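Let's take a walk through this model, going from the parts of each chain to the places where they meet. Keep the viewer open as you read.

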Amino acid sequence: MRLTGAQIICESLIKEGVEVMFGFPGGSLLPFYDTLPQYPQLRHILVRHEQGAAHAADGYARAAGRAGVCCATSGPGATNLVTGIANAYLDSSPVIALTGQVARPFIGKDAFQEIDITGITLPITKHNYVVMSAAEMANVLKEAFHIATTGRPGPVLIDVPRDVFVEEAEFHYPAKVDLPGYKPILRGHAAQIKKAARLINEAQRPVIISGRGVVISRAYEELRELAEKAQIPVITTLLGISSFPENHMLSLGMLGMHGMAHANMAVNEADLVIAVGMRFDDRATAKVSAFAPKARIIHVDIDPAEIGKNVRVDVPIVGDARDVLKDLNKEVITRARLDWISQMEAWRQCHPPRIVREGDDLIPQYVIHSICEVTEGNSIIVTGVGQHQMWSAQCFCYKKPNTLISSGGLGTMGFELPAAIGAKVGCPGETVWCVAGDGGFQMTIQELATVAQEKTAIKIAIINNGFLGMVRQWQELFYGRRYVATPLSGPDFVKIADAYGIPAMRVRTRLEVIPAIQKAMEHSGPFLIDFVVEPEENVYPMVPPGAALADLIEAPRTELVAPGSDRVSE
Amino acid sequence: MASEKHILVALVANKPGVLNRVASLFRRRGFNIESITVGHTEKEGISRMTIVVNGDSATVEQVRKQLDKVIDVIKVHDITQDSVVDRELALIKVKTTSANRSEIIQIVDIFRANIVDVASDSLIVEVTGDEEKLNSLFRLLGSFGIREIARTGRLAMTRGIPAS
């Protein structure tokens, strides 16, 4: 069957099970867009800025657990994708980015809207391609999807010159890929697994640190089995949140710079750390030389280069989290660890998670807590980066797998809105709450038009404190309260939403919070709430930069109160 | 840990941009390349890179793993500890006068190097050998005045299993 390059792309996307792509057209993509009407099963969602397309594809990929596709034209269209691609790269998200390029005779001539996007994205993609003939197209797409979705997932960019879209070639979609340099290892080495099991069986004070790898490989059941069988408390990284139910007795929540006090203490006291699908990021380990000082470390990761990169490891296991945990569970013996577990309980009593200060003032923690309460934890939470992200991580009780989508590695402001669109498109049956700061929200605010046009029924909570909050917090704590360039004004978000045709309301007091969230939930379409919160609220606990996990600062103890419960006694 | 020279041999797919991918990786991760040589192998479509890199063994292990992650890199070996034959080729343009020409020729002979170009005031020496041999020749010829040096960087190959 002879098809054009553009048709081959569409046929290949369909073969890969793609149903939707997020994009923005332009000169070099015209022949591609002109082909789309022939393939009505490929839904195209028009974003308002290409960064939004990449984030939406990323959010889609994370929520749906399959590759997300975005496309952009040559030159500025392609460079606008860059932040989104980098974000997907750092959080191991399978994104396929399709970019138009100037026609082959113009390449290298600095033609109009020509940019070397493969050169630019070299360090932020798992792999990338320039397709120089239609004959290679099917093969490239097959490889791209294979590379993006297997092993440690990541973004793959495909750059297509304009004239290749219209060039004809025989179409045959390959059944297999031939990549001698790419063979991800899934099964852990049997001897290493035995060694790890021996350490686990002998350990007195073990902890599991579960990362995004557990979510990616859907190893929820296997993780739970290991934890329950061997009675090991489970701590998560930021992106490991929702890999283990937080209402479980063995859940200790998140560790790290803004992790739970008892989680950080547990790591500090542990004699064995079982790290699964996580990469010892500096926000998780704090001062790396003081990380888990009493512990031996088992590190399970699918990416061999992560092992030994940041911390010394006693038992490295390269493999897929799910396969390795399955094998490990066969070797691990059932045992109780009463002393260690009761130690956890004691710490948890003194440092209760999901604490919300009592009072009349509207604090952001209360907003997140209330979203959790109203949705009964049945919602996907999508955040950007900053204070709102940390409160979302701390104050929502994640019970269901894969329910937090957040910009972890790159820490991208403005990720939340387009990623929430992608998440909702990927999981239309789920409630999706986009939790945004008033700073980050203004970075991709234009995607409200996408929400309105596509009637994407996401709920948006703006945590509006009139500051670039996290930076302001650092200025307060470490720069003598000199608030340079952090106070910011915003538009009237309710009016803005209204202008886009999205119903919205503003909330200024605690009493209004729950009714507002209920109203948003009852409304069938998108809904925005502007929560005007306490401007100088800080995120606690906090491990100051350069300090060890154990040296965390907690909020003043008298302020710690679990909502609806009695004041926690010291 | 002590910083030392390591020799990595990478077999890579002979595709456009593969050298760029490897070089970009070294730059981004802050690894220091001492030399890199690339050439075809006996198999079509596969090139061989010999990379000499400075670092302690943990750093070099990271280099090896990161290289291995590049899709177009098929295999990477750190052959530093192996028994290897390693060679480098250099061209050296030495200043000469009629008075010292024969002395230079003698030195060249001792090193089993070749003179490949002779001009009235200079000659070009071609030498092959390991790093030590090349460095000693540079030192000796240095006293006559060296105009230009071109070096290929090291090539290395593990020895076969010795016949016993």
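Start with chain B, where the domain assignment gives domain 1 (4-78) and domain 2 (84-158). Bear in mind that this is a predicted model. The centres of domain 1 of chain B and domain 2 of chain B, taken over C-alpha atoms, are separated by 28 Å. Their contact involves 10 residues from domain 1 of chain B and 7 residues from domain 2 of chain B. Together the two domains of chain B bury about 640 Å², with 54% of it on carbon and sulfur atoms. On the domain 1 side, Ile7(B), Thr37(B) and Arg48(B) lose the most area to domain 2 of chain B, and together they make up 53% of what that side buries. There's also 1 salt bridge between these two domains of chain B: Lys5(B) pairs with Glu131(B), with the closest N and O atoms 3.0 Å apart.

Now hop over to chain A, which is divided into domain 1 (2-170), domain 2 (190-350) and domain 3 (364-540). Look at domain 2 of chain A and domain 3 of chain A, whose C-alpha centres lie 30 Å apart. Here the contact takes 16 residues from domain 2 of chain A and 20 residues from domain 3 of chain A. The area buried between them is about 1400 Å², and carbon and sulfur atoms give 67% of that. Leu238(A), Ser242(A) and His258(A) supply 38% of the area that domain 2 of chain A buries against domain 3 of chain A, more than any other three residues. As for salt bridges across this interface of domain 2 and domain 3 of chain A, the rule finds 0.

What about the two chains together? Chain A and chain B bury about 1300 Å² between them, of which carbon and sulfur atoms give 54%. The contact takes 16 residues from chain A and 15 residues from chain B. The salt bridge count between the chains is 1, and you'll find Lys69(B) bridged to Asp303(A), the closest N and O atoms being 2.6 Å apart.

Stay with that pair for a moment. Which residues lie nearest the centre of the second largest pocket? They are Asp303(A), Lys65(B), Asp68(B), Lys69(B) and Val70(B), out of a lining of 43 residues. The second largest pocket holds about 1100 Å³ of space. Its lining draws at least two residues from each of helix 4 (76-90) and strand 14 (315-318) of chain A, and of helix 1 (18-29), helix 2 (57-69) and strand 4 (73-78) of chain B. By type, the lining of this pocket divides into 21 nonpolar, 8 polar and 14 charged residues.

Technical notes:
Residues numbered from 1 in each chain as written. Chains lettered and ligands numbered in written order. Predicted model: local features only at pLDDT ≥ 70, side-chain atom pairs only at ≥ 80, totals over all residues. Heavy atoms only, no water. 1 Å grid on protein atoms, 1.4 Å probe; cavity = no way out; pocket = protein on both sides within 12 Å on 5 of 7 lines; lining within 4 Å. Points joined across faces, edges and corners; volume = space filled by probe spheres on them. Helix = DSSP H or I, 4+ residues; strand = E, 2+ residues; numbered from the N terminus. Nonpolar A, V, L, I, M, F, W, Y, C, P; charged D, E, K, R; others polar. Domains from an automatic or database assignment. Contact = heavy atoms within 4.5 Å. Buried area = accessible area lost by both parts, 1.4 Å probe. Salt bridge = Lys/Arg side-chain N within 4 Å of Asp/Glu carboxyl O.
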